[in-house]
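I opened the notebook with two topics in mind: the overall build of the chain, and the setting of one side chain. The entries follow the order in which I looked things up.

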Amino acid sequence: MVTFRAATAADFDDVNRLIQRSFLNDDGGREWDEERALFEPERAVLAVDGDRVVGHVGTYTRELSVPGGVLPAGFVTAVAVAGTHRRRGVASTMLTRQLTAIRDRGEALAVLWASEGGIYGRYGYGMASRRLSFDIDRREARLDGAKFDKTRLDGLSLLAGPAADFRPEIGIVYEQQRPLRPGFASRDARWWDYRLADQAWHRGGAGPIQAVVCREGDTVLGYALYRFRSQWNDSGPNGQVSVMETIAATPAAYTALWEFLLNVDLTRTVGLWLGAVDEPLQYLTNDPRRLGMRLGDGLWVRLVDVPAALSARRYPIDVDVVLEITDDLLPGSGGTFHLRGNRDTATCEPTTAAAHLRLDTATLSALYLGGNTLGALSAAGRVEELHPGTITTTDPALSWPRAPHGIEIF
């Protein structure tokens with residue numbers, strides 16, 4: 001018989017073995033110190049059959065940047081059910097309990113990366129961001145000096161080396177930029193340990209994590225984290241640069257960092273798996289086709305407290321709309337709400353007024369970070385316009401100047 005309970009610290013090894021089996025990973029010889037430090041047993045939901053852990057959903061306590069603000073969120077991780085116990089409602093029970101606990105804790109939303117995109121929509125999650133991956137042949141793609149003023153790079157300097165040597169500087173830049181980009185997550189010391197963990201098993205044949213830091217005088221303006229793989233073929237060097245993240249406070253710093261990454265000696269390709277859909281690199285190169293761009297899904301978001309979530313974000317233009325939200329999974333989470341907001345403030349309150357738009361929680365969640373449009377979701381039949389013209393007037397208010405960007409897997 002399967003029962004459910006919270007985890008304890010002593011459950012980590014059993015949970016970890018379940019996760020590795022479920023995700024088809026070989027954990028032989030692997031160390032788990034960084035993952036163990038992140039484990040929050042009191043926030044995990046376990047499914048147990050006798051003394052055996054057969055299911056797990058975990059939650060990390062972090063902050064998520066949203067349009068115009070930052071708010072606490074439940075970061076969902078490591079959803080796994082043993083193959084012997086699937087299709088018994090184990091995952092549904094765990095995920096529903098988790099969402100209820102997130103709401104009861106006072107967090108307005110949950111966020112996750114989906115290993116399989118078809119799972120989470122039925123639990124009220126919406127695809128709230130996308131990622132743009134790059135596979136660049138650097139012999140064909142280069143920064144086009146005609147597209148930017150080269151003099152803006154004057155006065156900038158770059159310094160590269162092992163990432164650990166630059167941890168204070170990159171932490172400063174990240175914290176400065178984090179509130180400005182929807183989708184970025186808070187990183188305390190434990191999360192920086194995890195981000196910069198450099199165990200050999202995680203390198204995939206590449207070298208240790210490197211950093212390149214851009215400065216103007218003593219001010220750090222940006223950084224990139226990357227690895228490089230040394231390879232040779234009959235024609236000579238054929239190395240690869242794998243970029244983990246690039247964050248810059250100014251366009252000039254961004255340009256200088258990519259000028260460096262595209263010109264590492266003895267390399268021929270540059271890859272970036274978690275790029276933003278509005279990545280400026282697209283507009284700086286001589287031929288965007290040579291960037292080898294591919295679009296994929298990014299962060300999935302699930303609102304569990306609609307008024308709190310919509311009040312916490314900001315809106316680029318005035319919005320005044322009544323939304324009817326249906327939520328069949330979490331009783332009390334749906335309803336009719338009056339949203340008013342602008343760039344400086346917002347309120348969202350239950351109301352008995354007639355609704356302008358009707359949509360479900362998954363659709364509202366997909367809109368929340370500003371990465372999708374009412375128009376597109378309406379065209380897919382996911383938004384019902386109850387008051388003519390509301391989509392046209394409301395759509396711009398739900399957007400944001402910067403696309404949401406999930407910069408790390410958690």
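This is a predicted model: local features need pLDDT of at least 70, side-chain atom pairs count only at pLDDT 80 or more; totals for chains, interfaces and linings use all residues.

Entry, one residue. I looked up arginine 227, which lies in strand E10, residues 219-229.

Entry, its partners. I searched for what the side chain of arginine 227 reaches, and found the backbone oxygen of glycine 207 at 2.9 Å. I then listed the residues that arginine 227 touches, leaving out those up to four places away in sequence. Among them are Ala197, Asp198, His202 and Arg203, then Ala206, Gly207, Pro208 and Ile209. The list also includes Gln240, Val241 and Ser242.

Entry, the whole protein. I counted 10 helices and 21 strands. The radius of gyration is 23 Å, close to the 22 Å that the globule rule gives for 410 residues, so I wrote the protein down as being as compact as a globular protein of that length. Along the principal axes, the C-alpha atoms fill a box of roughly 65 × 55 × 40 Å.

Entry, burial and contacts. Buried residues make up 51% of the 410. Of the contacts between residues at least 6 apart in sequence, 73% join residues at least 24 apart.

Entry, surface and charge. The protein exposes about 18400 Å², and carbon and sulfur atoms supply 50% of that area. I compared the mean positions of the 45 positive and 52 negative charges and found them 3 Å apart.

Note on methods: Residues are numbered from 1 along each chain as its sequence is written. Side-chain values use heavy atoms; hydrogens and water are left out. Helices (H or I, at least four residues) and strands (E, at least two) are DSSP runs, numbered from the N terminus. The radius of gyration is taken over C-alpha atoms; the globule rule is 2.2 Å times the number of residues to the power 0.38. Buried means under 20% relative accessible area, exposed over 50%, partly exposed in between (1.4 Å probe, protein chains only). Contact means heavy atoms within 4.5 Å. Accessible areas come from the Shrake-Rupley method with a 1.4 Å probe; for residues, only the protein chains shown count as cover. Lys and Arg count as positive and Asp and Glu as negative; His and the chain ends are not counted. The place of a charge is taken as NZ of Lys, CZ of Arg, CG of Asp or CD of Glu. A polar contact is a pair of N or O atoms within 3.5 Å; within protein, one must be able to donate a hydrogen and the other to accept it, and residues adjacent in sequence count only if both atoms are side-chain atoms.
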